[in-house]
Amino acid sequence: MTLAPFSTAPGQQDHAAELRTAARSLRDGVGRRRFLTATGAAAALAFAVNLPTAGAASAAELDARKITEDPFTLGVGSGDPLPDSVLLWTRLAPRPYEAGGGLPAVRVQVRWELARDERFRRIVRRGSVTAHPEFAHSVRADIKGLDPDRTLYYRFRTGSWISPVGRTRTAPSAGARTSSLTLAAVSCQAYHDGYFTAYKHLAEEDVDVVFHLGDYLYEYAVTATGGARNYTDRRLPAHYNRETITLEDYRLRYALYKSDPDLRAAHAAHPFVVTWDDHETENNYAGGTPENDVPPEEFLLRRAAAYRAYWENQPLRTPQRPTGPDMRLYRRLRFGRLAQFDILDTRQYRSNQAYGDGWKVPGPESEDPSRTMTGAAQERWLIDGWHASRATWNVVPQQVTFAQRRDVPTDAFKLSMDSWDGYPASRQRLLNGAEAAGAGNLMVLTGDVHVGYGFDLKRDFDDPDSRTIGTEIVATSITSGKDGADKPANWNNQTQANPHMKFYNGRRGYARITLGTKEARADFRTVSAVTTPGAPLTTAASFVTEAGNPGLTPA
């Protein structure tokens with residue numbers, strides 16, 4: 001895979017000004033709301049305007065030999081594979097449920113090793129990196145100059161401690177005529193809704209890469225017994241039983257999620273390509289507009305905290321590090337000549353939801369052509385990328401349902417204002433752009449809705465006989481929505497109302513997709529329960545779409 005160049009995210013200067021205003025208000029004792037009462041607020045303000053917290057720049061270094069508890073409790077991970085580079089991640093936290101992870105606010109030296117074999121007899125590279133306290137002692141090693149299309153193994157060391165072994169890979173070279181790529185698409189993993197059993201199974205799958213399509217964590221409170229997990233052998237600290245607001249809140253919530261052994265296993269087994277949706281920050285926020293009625297500068301502080309914690313806890317490269325509440329997350333990866341992946345961000349730049357959000361009758365407000373899901377810059381970037389693409393498959397990993405989705409098979413239907421149905425002009429510009437660019441074999445990957453869908457993408461969704469110009473695979477949730485059902489209560493209505501909907505299942509799991517030179521295959525992998533651990537994995541259905549002949553047919 002090759003990575004497109006980064007540019008400054010739009011709106012940074014405006015946001016910086018607003019944040020400085022908030023900082024002055026805090027300094028002067030004006031506008032102190034609940035978010036600004038925590039002791040972490042000063043640190044949040046400092047990083048929100050891109051300044052280190054007091055003393056961080058000159059922090060002393062810890063003698064790692066004095067670390068007496070395992071610092072690798074949050075596991076290891078890798079991400080965004082390139083033909084000549086791998087990005088490795090870990091975060092030191094000997095006491096993950098404590099503020100600061102159980103480490104003092106000092107630097108720690110961490111060594112890494114990359115090898116061709118699991119026993120590290122054939123070392124490819126060695127090096128070291130510093131874990132900084134201002135980044136929650138997260139570690140990332142961007143190792144360059146590697147051979148393309150190779151499976152590699154890695155681990156970290158600090159003091160006497162050695163991390164678990166992770167497996168990663170480099171992508172094929174840019175011009176390679178790769179015959180096959182297998183990926184998994186995952187989303188929506190509310191810790192309090194159940195066990196990450198699907199990840200245990202995914203860790204054992206033979207896939208090349210995992211795309212996480214958003215809602216990696218949820219901001220909602222988690223009870224002492226883990227919500228629907230109903231723990232009887234442990235009690236979670238009380239600070240998890242509240243909504244995440246501050247930077248420390250988000251850091252602690254990532255520590256809770258990443259302490260789960262099944263999630264750690266999946267990260268160790270496969271490289272991840274991640275993008276966020278809403279819950280990594282706040283439910284259904286839209287750009288700078290929060291769900292709740294709070295001042296914009298207050299929400300931007302929260303967004304800055306959420307974005308900072310997201311970068312710290314994901315296998316993302318340094319150019320993606322946020323500046324306050326702005327973070328360039330959309331990016332392009334290529335897998336030889338077989339596939340181009342345009343990873344979108346449909347939260348940070350979108351217009352506010354029409355008609356107050358929810359399921360509403362569409363009308364002039366939602367159909368306003370000036371409304372955007374992606375923002376103008378990201379939209380141009382995506383369509384320009386399609387014009388330049390020479391890939392067999394043009395895949396768009398993103399967050400919310402792209403195809404039209406009517407709720408009932410009558411003229412009185414409603415549409416979701418949070419999905420692309422609430423932004424139909426923005427969607428049509430992309431569909432027109434894909435056609436104009438000659439983007440072959442368009443495939444959209446989606447999360448968000450806690451069910452598995454398979455859609456044909458139509459030139460005109462209101463005309464079932466219009467041309468099919470692509471497909472959409474919606475990956476169900478890992479846990480969100482609890483156990484689910486094969487046929488949710490609205491199954492009949494939705495399948496009748498949407499003839500382009502070829503599949504609908506409400507169980508938990510993930511989608512496994514194999515891209516080949518002649519066809520792509522999607523397997524909807526599901527588990528029967530997540531409120532109890534250990535459920536088996538089954539394939540609910542499989543579909544194929546032929547290269548050059550878009551549309552899903554049963555395999």
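Okay, let's start with a lining: in the second largest pocket, the residues split into 5 nonpolar, 9 polar and 6 charged. Before I go on, keep in mind that this is a predicted model. That pocket has a volume of about 260 Å³. There are 20 residues lining it, and the ones closest to its centre are Trp359, Arg405, Ser416, Asp448 and Val449. So much for the pocket.

Rolling a probe the size of a water molecule over the atoms shows where empty space is left. Here we get 4 cavities of 30 Å³ or more, and the largest cavity holds about 50 Å³ of space.

What lines that largest cavity? You'll find Leu344, Leu382, Trp386, Val396, Phe402, Leu430, Leu442 and Val444 around it. Sort them by class and you get 8 nonpolar, no polar and no charged residues. As for where the cavity lining comes from, α7, residues 376–388, and β17, residues 442–446, each supply at least two residues.

Two packed helices are described by the angle between their axes and the distance between the axes. For α7 and helix α8, which covers residues 424–437, the angle is about 20 degrees and the axes are 8 Å apart. Since that angle is under 35 degrees, α7 counts as roughly parallel to α8. Their crossing is right-handed. On the α7 side, the contact uses Glu379, Leu382, Ile383, Trp386 and His387, and α8 brings Ser426, Arg429, Leu430, Gly433, Ala434, Ala436 and Ala437. In terms of class, this contact has 7 nonpolar, 3 polar and 2 charged residues. And some of these names have come up already: Leu382, Trp386 and Leu430 are in the lining of the largest cavity.

One more helix pair, then I'm done. Helix α4, residues 247–258, packs against helix α6, residues 296–312, at an angle of about 35 degrees, with the axes 8 Å apart. The crossing of α4 and α6 is right-handed. Who makes the contact? From α4 it's Leu247, Tyr250, Arg251 and Tyr254, and from α6 it's Arg302, Ala305, Ala306, Arg308, Ala309, Tyr310 and Glu312. By class, that contact comes out at 7 nonpolar, no polar and 4 charged residues.

Technical notes:
Residues are numbered from 1 along each chain as its sequence is written. This is a predicted model: local features need pLDDT of at least 70, side-chain atom pairs count only at pLDDT 80 or more; totals for chains, interfaces and linings use all residues. Side-chain values use heavy atoms; hydrogens and water are left out. On a 1 Å grid over the protein atoms alone, a cavity is a set of points where a 1.4 Å probe fits but cannot get out, and a pocket is an open set with protein on both sides within 12 Å along at least five of seven lines; lining residues have an atom within 4 Å of a point. Grid points are joined across faces, edges and corners, and a volume is the space filled by probe spheres set on the points. Ala, Val, Leu, Ile, Met, Phe, Trp, Tyr, Cys and Pro count as nonpolar, Asp, Glu, Lys and Arg as charged, and the others, Gly among them, as polar. Helices (H or I, at least four residues) and strands (E, at least two) are DSSP runs, numbered from the N terminus. Axes are lines fitted to C-alpha atoms, for helices over the stretch in contact, and angles run from 0 to 180 degrees between N-to-C directions. Angles under 35 degrees count as roughly parallel, over 145 as roughly antiparallel, 65 to 115 as roughly perpendicular and the rest as oblique. A crossing is left-handed if the near helix is turned anticlockwise from the far one by less than a right angle, and right-handed if clockwise. Contact means heavy atoms within 4.5 Å.
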